[in-house]
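Have the structure open while you read.

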Amino acid sequence: MVERALRRTVHWVENRWDRARFAVKRRAGWLGTPMILAFHGIAGPDGVWVRGRVLEENGAIGAPPTTSTIQNIRLSIKRYETDEIRKAKVAWRFGEAKGQVVTDEEGYFEFVIPPGADPLEAPWAIVELELIDAPGYDMAPLGAEAWIRVVSDKAEYGVISDIDDTIVKTGAFNFLKHWRTVVANSAESRTAFPGVSEFYRALAKGANGPETHPVFYVSSSPWNLFDLFDRFLTIHEIPRGPMMLKDFGLDKAKWLTGGHDGHKGEMIDQILAACPSLPFLLIGDSGQDDGAIYADAARRYPGRIRQVHIRDVTKGVLKDHITDGIEDLRQSGVTVTLAPTLQAAASAAEKAGYITAGDLLRIENRIGERRAEGSAA
């Protein structure tokens, strides 16, 4: 009861501060230009899920790359210190269907377009968005596009991957290393682990082209990093896909919008519900709780989790519940790999027919090249 009351009080204070700050900025003429940040959505049997945010443009999103640490820190502070726009009206159109949605107190909007609103062609469809009103702002209507992942009827499986320390080196399990990487670096200067690009492209390709099999990214990193991660995928030629990131903030019910495990589990549920006919391969790392989280998912969805691959970033020092989770997966017949690189994962995927022998050779060669350079992990 005391904790709940404290959360409500702090939430109330935060709201009052935001409103007072907005009033001062408005009177002083300091309000910025509104913008729509549209995230990648998912098409499923229940409709098309769309999510985004309305913010003041502050120069951080889409900023050109720089090698200046000071400039990157400045941009990162701006990225986290966002001025969200509440009660903004966003109109949407998808084929013949259209509607409106209003942003919440953190500037987020979310809606589901009922199925059958428009023919869907894999791998991507587009929902047109338009910001038609932002209370207190002098603005003209502003357009944007939300890209929606449509799964091919030729897809045989899907992939769910973590981001931090799974595809991009961040040191998320070590606070100081994580701060240094996330705050002081741009997308261009972040390092992809060896073989990731080749492995994910091999998993994604199929009978309907290079994006036959969908790849989804689930992370406890905040939505503030969406555009950095999206650019990182493009730079390193890793298949793009919907990112299920986390809301960082305070509300009446919880601090910083809940825990790591709960968020990842809920997002995995949402993805599997959107792709009810597909089995999945799950890829994560040992720095957090991915092994245990994936074991829970396998228990909730018997037979749908075919392989789990964990990058060992803790040099074999695993928490007991993660070790137990990995053992539970193996006992249930799920193929599991635990290794510092993705070489064992690629070998298991090739053995099961998810990638070809040629793909495996390219992945092994790439890992070998990086090992020779002294940066295999």
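## Around asparagine 58

Leaving aside its neighbours within four places in sequence, which residues is asparagine 58 in contact with? They are Lys78 and Glu81. Bear in mind that this is a predicted model.

To find asparagine 58, look in the loop between β3 (47–56) and α2 (69–80). It's partly exposed, with a relative accessible area of 25%. Its side chain reaches the backbone nitrogen of alanine 60 at 3.1 Å. Proline 34 sits 24 residues away from asparagine 58 along the chain, and the C-alpha atoms of the two are separated by 9.4 Å.

## A helix wrapped up by the rest

Seven of its nine residues are buried, so α4 is largely enclosed by the rest of the structure. The buried ones are Val196, Ser197, Phe199, Tyr200, Ala202, Leu203 and Ala204. As for what covers them, the list includes strands β9 (158–161), β10 (215–222) and β12 (280–285), plus helices α9 (343–351) and α10 (357–372).

The largest nonpolar core has 39 residues, and the ones with the most contacts inside it are Ile167, Phe199, Tyr200, Leu203, Tyr217 and Ile355. Elements giving two or more residues to this core are α4, β10, α5 (226–235), β11 (243–246), β12, α9 and α10. The top contributor is α4, with six residues.

The model has nine aromatic pairs. In one of them, phenylalanine 39 and tryptophan 223 are stacked, at 4.1 Å centre to centre with 20° between the planes. This pair links distant parts of the chain: phenylalanine 39 is in the loop between β1 (34–38) and β2 (41–44), while tryptophan 223 is in the loop between β10 and α5, 184 residues apart.

Tryptophan 223 also pairs with phenylalanine 226; here the ring centres are 6.5 Å apart and the planes are at 50°, so this pair is tilted. Together, ring pairs link Phe39, Trp223 and Phe226 into a cluster. Phenylalanine 39 is buried at 1% relative accessible area, tryptophan 223 is buried at 4%, and phenylalanine 226 is buried at 3%.

## Arginines over rings

Two arginines are worth a look too. The charged end of arginine 51 sits over the ring of tyrosine 108, 4.6 Å from its centre. Arginine 149 lies over the face of tryptophan 124, at 5.7 Å from the ring centre.

Definitions and conventions
Residues are numbered from 1 along each chain as its sequence is written. This is a predicted model: local features need pLDDT of at least 70, side-chain atom pairs count only at pLDDT 80 or more; totals for chains, interfaces and linings use all residues. Side-chain values use heavy atoms; hydrogens and water are left out. Buried means under 20% relative accessible area, exposed over 50%, partly exposed in between (1.4 Å probe, protein chains only). Helices (H or I, at least four residues) and strands (E, at least two) are DSSP runs, numbered from the N terminus. Contact means heavy atoms within 4.5 Å. A nonpolar core is a set of buried Ala, Val, Leu, Ile, Met, Phe, Trp, Tyr and Cys residues joined through side-chain atoms within 4.5 Å. A polar contact is a pair of N or O atoms within 3.5 Å; within protein, one must be able to donate a hydrogen and the other to accept it, and residues adjacent in sequence count only if both atoms are side-chain atoms. Rings of Phe, Tyr and Trp (its six-membered ring) pair if their centres lie within 6.5 Å; planes under 30 degrees apart count as stacked, over 60 as edge-to-face and the rest as tilted. A charge sits over a ring if NZ of Lys or CZ of Arg is within 6 Å of the ring centre and within 35 degrees of the ring normal.
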